[in-house]
Protein chains: 2
Amino acid sequence: MPYAENNGTKIFYDIHGQGTPIVFLHPWTTNGYIWYYQIFPFARTNHVIAIDHRGHGRSDKPKSGYSIQEHARDVKAVLDAEKIDRAVLVGNSIGGMIAMQFTLDNPGRVLGQVILSSGTGLGEGMPKEAAAAFKNDFAGTFSALLEGAVSAKSKRERPEILEVMKSHFQVQSNFPKHVFDSSMADPNGVFGWNIKNQLSSIRTPTIVIAGAEDNATPVAANKFLADNIPGAKLSVVKDVGHFHQLEKPLEFNAALKEFVAGLR
Amino acid sequence: MPYAENNGTKIFYDIHGQGTPIVFLHPWTTNGYIWYYQIFPFARTNHVIAIDHRGHGRSDKPKSGYSIQEHARDVKAVLDAEKIDRAVLVGNSIGGMIAMQFTLDNPGRVLGQVILSSGTGLGEGMPKEAAAAFKNDFAGTFSALLEGAVSAKSKRERPEILEVMKSHFQVQSNFPKHVFDSSMADPNGVFGWNIKNQLSSIRTPTIVIAGAEDNATPVAANKFLADNIPGAKLSVVKDVGHFHQLEKPLEFNAALKEFVAGLR
């Protein structure tokens with residue numbers, strides 16, 4: 001059964017393989033499909049778990065409960081259901097936030113974390129106009145944001161990435177409007193959540209990967225994480241935007257493989 | 001609930017959107033993830049269903065029952081469960097065989113079919129040595145076959161496609177050895193199934209798409225289908241092997257969109 005339950009909310013996940021567990025946490029509005037080029041290659045040597053966050057894909061989509069803390073409890077529910085004691089977390093964007101929150105809440109259960117194109121306190125620097133635009137025209141504003149979240153090279157050579165990113169939130173059964181509204185309204189939602197004063201207490205091996213051409217969570221936002229998580233390493237990748245795992249899948253896989261191997 | 005049942009065998013499917021239904025049927029050893037760049041873009045305007053065939057991915061994997069006819073009954077179970085009367089079928093490789101078999105068995109329920117890199121009677125021309133190699137070293141032989149199933153351009157520019165294709169059958173939870181064995185042994189399995197004498201009775205609008213560089217189901221195998229299905233059109237695509245939907249996703253999507261639009 002590919003579902004775990006957190007207080008009545010069903011969380012979908014896909015699971016394959018055996019070995020050191022790796023949990024993949026996708027970006028906002030997307031779903032576990034984004035890890036296609038990781039799930040099966042890594043499942044040859046690892047216990048791979050790809051979760052659909054609540055409000056996304058095949059998971060339940062309750063009216064509220066979209067704090068990053070609640071998302072992290074969903075991850076815990078999945079690990080508990082699978083009796084996985086400790087895992088490597090790989091989180092992209094909101095997935096990275098969920099990974100960091102999970103690590104803060106359950107430090108003993110994380111072997112290491114790969115934070116891919118993420119940040120904290122993302123709403124802090126957001127101009128009022130941008131926040132208003134988001135509320136008034138979510139689809140239009142988010143589409144424009146995505147234009148700046150894929151590299152020039154990826155747009156040229158892999159135009160399907162921008163196309164699929166724009167489609168996720170236009171499909172109500174994948175990401176309905178109420179999830180957007182509730183995430184925006186929650187003080188600990190995707191834009192409100194802020195752990196900048198807690199980063200220094202993270203003791204888990206961490207690499208932060210930033211795309212050089214990512215305007216959604218720019219290099220500076222990722223550098224801030226790496227600078228403040230003790231021992232964290234920053235890697236800035238060329239010709240990549242917000243989605244390293246799709247824009248240069250084998251390069252991302254090599255970095256992840258090296259990181260996991262180094263944990264033992 | 002993303003499962004339908006055919007005589008106790010649970011078939012997993014993902015479903016999104018509204019409009020003319022489109023059912024996606026994946027190649028042997030893979031799963032529904034292969035349609036990532038189609039599912040969400042098309043779900044904006046269509047009722048999209050992506051099935052994991054029995055023996056694959058998240059569907060049940062019984063010991064036997066891997067005839068193409070049985071796979072086609074699984075598709076019927078999904079359409080019945082979703083109360084979908086008529087749909088466009090899009091099938092790649094074994095998925096194309098399943099589509100054609102479904103059309104033969106349920107002509108009134110198919111609006112049109114896109115047969116992508118497929119064939120019939122594939123085992124007929126297979127040399128004894130190849131058949132023996134398959135049985136003795138499935139993983140090695142299938143890997144070699146896949147090398148010839150992705151175009152030179154795709155290998156250069158999208159090396160992750162070959163990597164993910166090689167990984168599917170190396171992950172037992174996705175495609176276990178007994179499914180391979182049973183499919184090979186079944187007289188109507190992936191290599192034994194042969195409807196060459198029934199193609200002329202298909203009356204459903206059909207396009208056949210072949211990759212110019214596909215050595216798995218070469219252009220000739222696809223041309224045979226197009227030549228023998230009344231009114232079928234053949235399209236041979238450049239720089240593409242067996243996986244048009246991943247090798248050139250937007251080009252494939254444009255062809256599919258045009259085909260679906262032309263059905264009304």
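Colleague: In what sense do strand E6 and strand E7 of chain B pair, and over how many bridges?

Modeller: This is a predicted model, in which local features need pLDDT of at least 70 and side-chain atom pairs count only at pLDDT 80 or more, while totals for chains, interfaces and linings use all residues. Residues are numbered from 1 along each chain as its sequence is written, chains are lettered from A and ligands numbered from 1 in the order in which they are written, and side-chain values use heavy atoms, with hydrogens and water left out.

Strand E6 (residues 110–116) and strand E7 (residues 206–211) of chain B pair in the parallel sense, over 4 bridges. Strands here are DSSP runs of E with at least two residues, helices are runs of H or I with at least four, and both are numbered from the N terminus. Two strands pair if DSSP finds at least two bridges between them. One residue of this pairing is B:Leu116, whose bridge partner in E7(B) is B:Ile209.

Helix H9 (residues 219–228) of chain B packs on the sheet here and touches E6, E7 and E8 of chain B. Its direction makes about 170 degrees with that of E7(B). Contact means heavy atoms within 4.5 Å. Axes are lines fitted to C-alpha atoms, for helices over the stretch in contact, and angles run from 0 to 180 degrees between N-to-C directions.

The sheet as a whole is open, has 8 strands in the order E1-E2-E4-E3-E5-E6-E7-E8 (chain B), and is mixed in its pairing. Strand E1 (3–6) and strand E8 (233–237) of chain B stand at the edges with a single partner strand each, so one side of each has no neighbour in the sheet. The twist from one strand to the next averages 20 degrees. Elsewhere on the strands of chain B, helix H1 (residues 36–43) lies across strand E2 (9–16), strand E3 (21–25) and strand E4 (47–51), running at about 160 degrees to E4(B).

Chain A can be laid on chain B with an RMSD of 0.0 Å, by a turn of 180 degrees and a shift of 0.0 Å along the axis. The superposition is by least squares on the C-alpha atoms of residues with pLDDT of at least 70 in both copies. The two copies are thus related as by a two-fold rotation axis. In chain A, the C-alpha nearest the axis belongs to A:Tyr33, at 3.1 Å from it. The same surface serves both copies, since 100% of the contact residues of chain A recur in chain B.

Chain A also has an open sheet of 8 strands, ordered E1-E2-E4-E3-E5-E6-E7-E8 (chain A), with mixed pairing. Strand E7 (residues 206–211) of chain A pairs with E8(A) in the parallel sense over 5 bridges, and the bridge partner of A:Ala210 in E8(A) is A:Val236. Helix H11 (residues 249–262) of chain A lies across strand E3 (21–25), strand E5 (87–92), strand E6 (110–116), E7 and E8 of chain A, at about 155 degrees to E6(A).

Helix H1 (residues 36–43) of chain A has 8 of its 8 residues buried (under 20% relative accessible area, with a 1.4 Å probe and protein chains only; exposed is over 50% and partly exposed lies in between). H1(A) is therefore largely enclosed by the rest of the structure. Among its buried residues are A:Tyr36, A:Phe40 and A:Phe42. By contrast, B:Ala261 is exposed, with a relative accessible area of 55%; its place is in helix H11 (residues 249–261) of chain B.
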